[in-house]
Every structure is written in structure tokens, then in C-alpha cells.
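This briefing sets out selected computed features of one protein model, grouped by topic. Please read the points below alongside the sequence and the coordinates.

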Amino acid sequence: QVQLVESGGGLVQAGKSMRLSCTASGSILSINVMGWYRQAPGKQRELVAIIKSNGSTNYGDAVKGRFTISGDNAKNTVYLQMDRLKPEDTAVYYCNGLVKGSLGLGNYWGQGTQVTVSS
């Protein structure tokens, strides 16, 4: 099957930067989309950013202009560079991938990584 493993996260002061990484592994034939979602306590999970196999990107309104998503196809890895962080960016960040594996196309999630922005 396919696994998504996130790294990065932790505690950071407002205004600072942080980078998250997510690597897909397993029986991967191709990756259509990879991206990040986040969920704050008491709120619904929301889109942060996605990157498609053709390199096109989409961002949630709350992070446009501050966050940048990029990918390394050779490593099946996606990065989220988060700049000018705000306390309201505090959430669990989940990696997501639409991946074609040996069993067909599947939607996969990482275990999540906590990002806490202090004021």
C-alpha cells in the first residue's frame, strides 16, 4: 500500500518560518496530487495547499502569499514552506495524496503533525 510520512512541525513564534515535509512510500505508480490540510481545535479540516503532477498549485485563502508548496517528484516528497506565521495558523497539519498504487487510485492521509504558533 501507500504511506505518507510527515516531518517538521513544532512550536514557533509568530512572524517566524517553518517548513513541513511529506514523503510518500510504498507501491506507487504515480502521484496525481499531493498537498496539505489543517485542522484547528473545534474547526473543520481546511485546505492549506495542493500541488498537482503538472506543477500547478492551489492555496487556501488564509495562507495565500505566506505559504509556498513545492514538490520533488524524484523523492515523492512535498514541502510546505510557511512564512510570516500567525497564531491562527496553529493546527494539526495533515499531508494528503491522491496516489495510483498497485491496487488502483487511492486517497491517502498522513498521521498529522502539530504546528503551534505563539504570539
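By class, the lining of the largest pocket comprises six nonpolar, eight polar and two charged residues. In this classification Ala, Val, Leu, Ile, Met, Phe, Trp, Tyr, Cys and Pro count as nonpolar, Asp, Glu, Lys and Arg as charged, and the others, Gly among them, as polar. The model is predicted: local features need pLDDT of at least 70 and side-chain atom pairs count only at pLDDT 80 or more, whereas totals for chains, interfaces and linings use all residues. Residues are numbered from 1 along each chain as its sequence is written, and side-chain values use heavy atoms, with hydrogens and water left out.

**Largest pocket**

- The largest pocket holds about 240 Å³ of space. A pocket is defined on a 1 Å grid over the protein atoms alone, as an open set of points where a 1.4 Å probe fits, with protein on both sides within 12 Å along at least five of seven lines; lining residues have an atom within 4 Å of a point.
- Grid points are joined across faces, edges and corners, and the volume is the space filled by probe spheres set on the points.
- Of the 16 lining residues, Ile-31, Met-34, Lys-52, Ser-53 and Asn-73 lie nearest the centre of the pocket.
- At least two lining residues come from each of β4 (28–39), β5 (46–52), β7 (67–72) and β8 (77–82). Strands are DSSP runs (E, at least two residues), numbered from the N terminus.
- The most is given by β4, which supplies six residues to the lining.

**Four-stranded sheet**

- Four strands form an open sheet in the order β1-β3-β8-β7, with antiparallel pairing. Two strands pair if DSSP finds at least two bridges between them.
- Strands β1 (2–7) and β7 stand at the edges with a single partner strand each, so one side of each has no neighbour in the sheet.
- On average, neighbouring strands of this sheet are turned by 15° against each other, direction ignored.
- The antiparallel pairing of β7 and β8 runs over six bridges, and Ser-70 stands opposite Tyr-79 in β8.

**Disulfide**

- One disulfide is found in a search of the whole structure; the term denotes a pair of cysteine sulfur atoms within 2.5 Å.
- This disulfide joins Cys-22 to Cys-95, with an S to S distance of 2.0 Å.
- The pair links distant parts of the chain, 73 residues apart: Cys-22 is in strand β3 (residues 18–26) and Cys-95 in strand β9 (residues 91–101).
- The link of Cys-22 and Cys-95 is left-handed, with -85° about the S-S bond.
- Both Cys-22 and Cys-95 are buried. Buried means under 20% relative accessible area, exposed over 50%, and partly exposed in between (1.4 Å probe, protein chains only).

**Individual residues**

- Asn-96 is placed in strand β9 and is buried, at a relative accessible area of 7%.
- The C-alpha atoms of Asn-96 and Pro-41 are separated by 19 Å, and the two residues are 55 residues apart along the chain.
- Most residues other than glycine have a negative phi.
- Asn-76, although not a glycine, has a positive phi of about 50°. Asn-76 is in the loop between β7 and β8 and counts as partly exposed, at 25% relative accessibility.
- Arg-84 is not a glycine either, yet has a positive phi of about 50°. Arg-84 is in the loop between β8 and β9 and is partly exposed, with a relative accessible area of 48%.

Notes
Axes fitted to C-alpha atoms, helices over the stretch in contact; angles between N-to-C directions.
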